[in-house]
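Open the model in your viewer and keep the selection tool ready. This tour goes stop by stop: what to select, then what is there.

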Amino acid sequence: MAKKDKSALQEHKGVSVSEITNINHIERIKLKRKTNTNVDVLISSILNKNIAALSQAITLIESNNQKHEKKANTILKACLPYANNSIRIGITGVPGVGKSTFIETFGKHLTALGKRVAVLAIDPSSSVTKGSILGDKTRMEALVKDNHAYIRPSASGTSLGGVARKTRETIVLCEAAGFDVIIIETVGVGQSETTVHSMVDFFLLLKLAGAGDELQGIKRGIIEMADIIAINKTDGQNIKQAKLAKVAFNNALHLYPKKQSNWQPKVTTCSALKNDGIDVIWTMILEYLTLTQKNNYFTKKRQEQNKFWVIQTIENQLKYDFFNRPDIQKELKIKLEEVTNNKITAFSAAAYLLNIPNI
């Protein structure tokens with residue numbers, strides 16, 4: 001038999017367009033059915049670690065439909081007493097640092113230890129089309145197949161910091177469903193790190209050696225938030241550069257004041273691709289938890305985060321209520337047109353709109 005011609009354009013087996021279309025169609029049908037789901041059945045199923053029920057509840061929480069809000073709040077209230085039993089880990093890093101590969105390898109390491117792991121992957125939404133790829137499941141193929149892991153990609157939408165608007169509520173549901181470790185992956189751009197830091201117990205910053213961002217990291221203040229800096233892709237020809245970067249980051253950490261947690265941030269190297277150094281990172285996280293639980297910082301931080309959650313929820317609701325008022329929507333179009341034509345200033349337009357009485 002003649003050998004098949006090989007070409008650089010040869011396609012590898014994957015998911016066909018028709019399959020994607022069919023999947024999307026099925027999901028739309030499921031979503032319609034979900035609106036009629038019995039709330040009590042959903043709550044009971046979540047507490048019994050039913051993943052399908054968990055996904056349905058998260059869909060209700062993420063929905064902007066006011067009809068779903070009451071159901072979502074009922075589910076949250078019922079699940080709250082069963083929450084707060086997990087370790088919440090935020091993971092960030094610039095695009096290309098290997099977040100998805102790291103999370104998959106890290107997640108597999110944890111499930112091998114008997115942990116149940118939930119990954120909340122925040123996918124960036126396009127500022128132009130408002131859409132998101134939500135491709136984290138395809139990038140974490142091995143973890144998707146793990147019965148002790150759950151991956152939920154969510155669109156960041158217009159949320160400040162690129163974090164999904166309902167991420168905190170989703171954490172509560174995942175904890176009620178019995179997950180021991182909740183991993184939140186940020187989009188790795190802008191202010192997303194700050195927002196994620198406000199909802200996790202431990203913050204892991206992934207870095208690349210020789211990327212020229214050692215000092216940039218210091219200027220952005222991201223290092224100040226990190227509990228561990230892990231230099232990823234420490235393999236092959238990158239090993240020497242990674243060791244130099246580790247020294248540089250260690251020196252930088254000593255420039256910062258001592259953390260309230262009394263934890264001294266650490267720098268380590270790892271290779272998610274080679275599964276090297278992952279166990280060291282988990283050991284460091286356990287050391288952090290032991291320290292902060294002993295000095296009560298862990299509980300104090302959770303309490304402060306809950307207070308911040310209240311304020312942020314109020315701000316989000318006020319913004320939603322304001323822009324959904326029919327009178328504001330009508331007047332906003334007029335004022336935007338006037339601003340565009342330089343008839344009034346943006347400040348004057350905003351002041352006018354904010355002073356319209358809510359009848």
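**Stop 1: a pair on one helix**

Select Glu338 and Lys335: they sit three residues apart in helix α15, so about one helical turn separates them. Helices here are DSSP runs of H or I with at least four residues, strands are runs of E with at least two, and both are numbered from the N terminus. Glu338 and Lys335 form a salt bridge, with the closest N and O atoms 3.2 Å apart. A salt bridge means a side-chain nitrogen of Lys or Arg within 4 Å of a carboxyl oxygen of Asp or Glu. Side chains of opposite charge can pair when their charged atoms come close.

Now check the cover on each partner. Glu338 is partly exposed, with a relative accessible area of 22%. Lys335 is buried at 14% relative accessibility. Buried means under 20% relative accessible area, exposed means over 50%, and partly exposed lies in between (1.4 Å probe, protein chains only).

A word on the model before you move on. It is predicted, so local features need pLDDT of at least 70 and side-chain atom pairs count only at pLDDT 80 or more, while totals for chains, interfaces and linings use all residues. Residues are numbered from 1 along each chain as its sequence is written, and side-chain values use heavy atoms, with hydrogens and water left out.

**Stop 2: salt bridges across the chain**

How many salt bridges does the structure hold? There are eight. Select Lys108 and Asp146, whose side chains meet in one at 3.1 Å, N to O. Lys108 lies in helix α5 (residues 99-112) and Asp146 in the loop between α7 (141-144) and β3 (149-155), so this pair ties together parts 38 residues apart in sequence. Lys108 is partly exposed at 35% relative accessibility. Asp146 is buried at 11%.

Next, select Arg302 and Asp201. Their closest N and O atoms are 2.7 Å apart, in another salt bridge. This pair links distant parts of the chain: Arg302 is in helix α14, Asp201 is in the loop between α9 (192-197) and β5 (202-208), and they are 101 residues apart. Buried or exposed? Arg302 is buried, at 8% relative accessibility. Asp201 is buried too, with a relative accessible area of 2%.

**Stop 3: a nonpolar patch**

Stay with helix α14, which runs over residues 297-323 and includes Ile311. Select Val310, Ile311, Ile314 and Leu318. They form a nonpolar patch on the surface, with about 370 Å² of accessible area together. Patches are made of residues with over 30% relative accessible area and no salt bridge; nonpolar side chains (Val, Leu, Ile, Met, Phe, Trp, Tyr) are joined within 5 Å, and like charges within 9 Å. Accessible areas come from the Shrake-Rupley method with a 1.4 Å probe, and for residues only the protein chains shown count as cover. Ile311 is partly exposed, at 47% relative accessibility.

**Stop 4: packed helices**

Show α15 (residues 326-340) and α16 (residues 346-354). They pack at about 165°, with their axes 10 Å apart. Axes are lines fitted to C-alpha atoms, for helices over the stretch in contact, and angles run from 0 to 180 degrees between N-to-C directions. The two helices are therefore roughly antiparallel to each other. Angles under 35 degrees count as roughly parallel, over 145 as roughly antiparallel, 65 to 115 as roughly perpendicular, and the rest as oblique.

Now show α2 (residues 39-47) and α3 (residues 51-62). Their axes come within 8 Å and cross at roughly 125°. α2 and α3 are therefore oblique to each other.

**Stop 5: positive phi**

Most residues other than glycine have a negative phi. Select Asn84, which has a positive phi of about 70°. Asn84 is in the loop between α4 (66-79) and β1 (87-92). It is partly exposed, at 40% relative accessible area.

Go to Lys233, where phi is near 60°, again a positive value. Lys233 sits in the loop between β6 (228-232) and α12 (239-253). Asn238 lies in that loop between β6 and α12 as well.

**Last stop: far in sequence**

Select Phe102, in helix α5. Phe102 is buried, with a relative accessible area of 0%. Phe102 and Cys270 are 168 residues apart in sequence and 9.1 Å apart in space, C-alpha to C-alpha.
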